[in-house]
Amino acid sequence: LDQPLVIQYFNWLGKAVRFDFGNSFISGKPVINEIMSRFPNTLYLVLIASIMAIVIAVPIALLSARYSGSILDQGLRVVTTIGATMPEFWLGLLLLYVFAIHLGIVPVIAGSNIANIFLPAFTLCLSYSAVYVRMLRTNLIEVRRSNFFKAARSKGMSEGSAMVRHGLKNAILPCVTLIATNFGGMISGGFAVETIFSWQGIGQLAVEAVGRKDYPVIQAIILWLGVLYVAVNFLVDLSYSLLDPRVRLG
């Protein structure tokens, strides 16, 4: 503390590059050890939530696009709008009350047990899956108007089969960036979900650090999540050449 603020910052940054974030004020342990002990649990949660969001979104978007303008389509759009705007902390508390307290199917405290991951993952994925449905539905409707889709239909392929075999592959490409961005958003934005379900992840560690004013832990988590967010999006940009041959040609 006897050095100017700029010198203090670069001293901290030089150590941070070597993954030395100092020691926790509360536990006295190295901050990097605290983070690495919690990060796998957050990664499990986000991976399961991302898979669930895609599994939920794809069939709903196919139905909505297949019967666009119908009562079914309008009903699904209302449901996805509600899902996209539903706060995660409210949904998490509601599911916890119904399934853990009222029905007793799952424990109140999920901890880090992979067997208890369904409710936290579903709470985290619902709003994202609703956004995927709306975007994928719009893309599928555009694909239905394209010439290659009409050519597939003219060869005798049914509407549903053409949408699954040809439409979905082309319609989902613009969603890849959104899925990757939301993957980083799930990691950095799952604090409420992890706290509600007592999931031993990065989010709960960050909330505990804020409450205890454990500044080294807070600084390290913010930097860690920022770097991870940028890295995920960079990898997705590189993956476009594998997903779409037209990118390689360009």
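This report describes the fold, core, salt bridges and surface of a predicted model.

## Overall fold

The protein is built from 12 helices and has zero strands. Read from the N terminus, its elements run α-α-α-α-α-α-α-α-α-α-α-α. Along the principal axes, the C-alpha atoms fill a box of roughly 75 × 55 × 25 Å. Of the contacts with a separation of 6 or more, 76% are between residues 24 or more positions apart.

The protein has 250 residues, and buried residues make up 41% of them. Its accessible surface is about 13,900 Å², with 68% belonging to carbon and sulfur atoms.

## The N-terminal helix

Helix H1 covers residues 5-17, which is 13 residues. From its first C-alpha to its last it reaches 18 Å, close to the 18 Å expected at 1.5 Å a residue. Just after H1, Phe19 takes a positive phi of about 60 degrees.

In soluble globular proteins, nonpolar side chains tend to be buried together. Here the largest nonpolar core holds 62 residues, and the members that touch the most others are Ile35, Leu124, Leu136, Leu140 and Ile221. Helix H2 (residues 31-66) gives this core its largest share, 14 residues.

Leu136 is placed in helix H5 (residues 118-144). It counts as buried because its relative accessibility is 3%, under the 20% cut-off. Leu124 touches Leu45, Val46, Ala49, Glu88, Met186, Gly190 and Val193, with residues up to four places away in sequence left out.

Ser50 is found in helix H2. At 11% relative accessibility, this serine also counts as buried. Beyond its neighbours within four places in sequence, Ser50 is in contact with Phe183 and Met186. Met186 is also among the residues that Leu124 touches.

## Salt bridges

The structure holds three salt bridges. In one of them, Glu208 pairs with Arg38, and the closest N and O atoms are 3.4 Å apart. This pair links distant parts of the chain, since Glu208 is in helix H10 (residues 202-212) and Arg38 in helix H2, 170 residues apart. Glu208 is partly exposed, with a relative accessible area of 27%, whereas Arg38 is buried, at 13%.

The side chains of Asp73 and Arg137 also meet in a salt bridge, at 2.9 Å from N to O. Asp73 lies in helix H3 (residues 71-85) and Arg137 in helix H5, so distant parts of the chain, 64 residues apart, are linked. Both partners are buried: Asp73 has a relative accessible area of 0%, and Arg137 has 13%.

Glu142 and Arg145 form a salt bridge as well, at 3.2 Å from N to O. Glu142 is partly exposed, with a relative accessible area of 47%. Arg145 counts as exposed because its value is 53%, over the 50% cut-off.

## A nonpolar surface patch

Phe89, Trp90, Leu93 and Leu94 form a nonpolar patch on the surface. Together these residues have about 420 Å² of accessible area. Phe89 lies in helix H4 (residues 88-102).

Technical notes
Residues are numbered from 1 along each chain as its sequence is written. This is a predicted model: local features need pLDDT of at least 70, side-chain atom pairs count only at pLDDT 80 or more; totals for chains, interfaces and linings use all residues. Side-chain values use heavy atoms; hydrogens and water are left out. Patches are made of residues with over 30% relative accessible area and no salt bridge: like charges are joined within 9 Å, nonpolar side chains (Val, Leu, Ile, Met, Phe, Trp, Tyr) within 5 Å. Accessible areas come from the Shrake-Rupley method with a 1.4 Å probe; for residues, only the protein chains shown count as cover. A salt bridge is a side-chain nitrogen of Lys or Arg within 4 Å of a carboxyl oxygen of Asp or Glu. Helices (H or I, at least four residues) and strands (E, at least two) are DSSP runs, numbered from the N terminus. A nonpolar core is a set of buried Ala, Val, Leu, Ile, Met, Phe, Trp, Tyr and Cys residues joined through side-chain atoms within 4.5 Å. Buried means under 20% relative accessible area, exposed over 50%, partly exposed in between (1.4 Å probe, protein chains only). Contact means heavy atoms within 4.5 Å. The expected span of a helix is 1.5 Å times one less than its number of residues.
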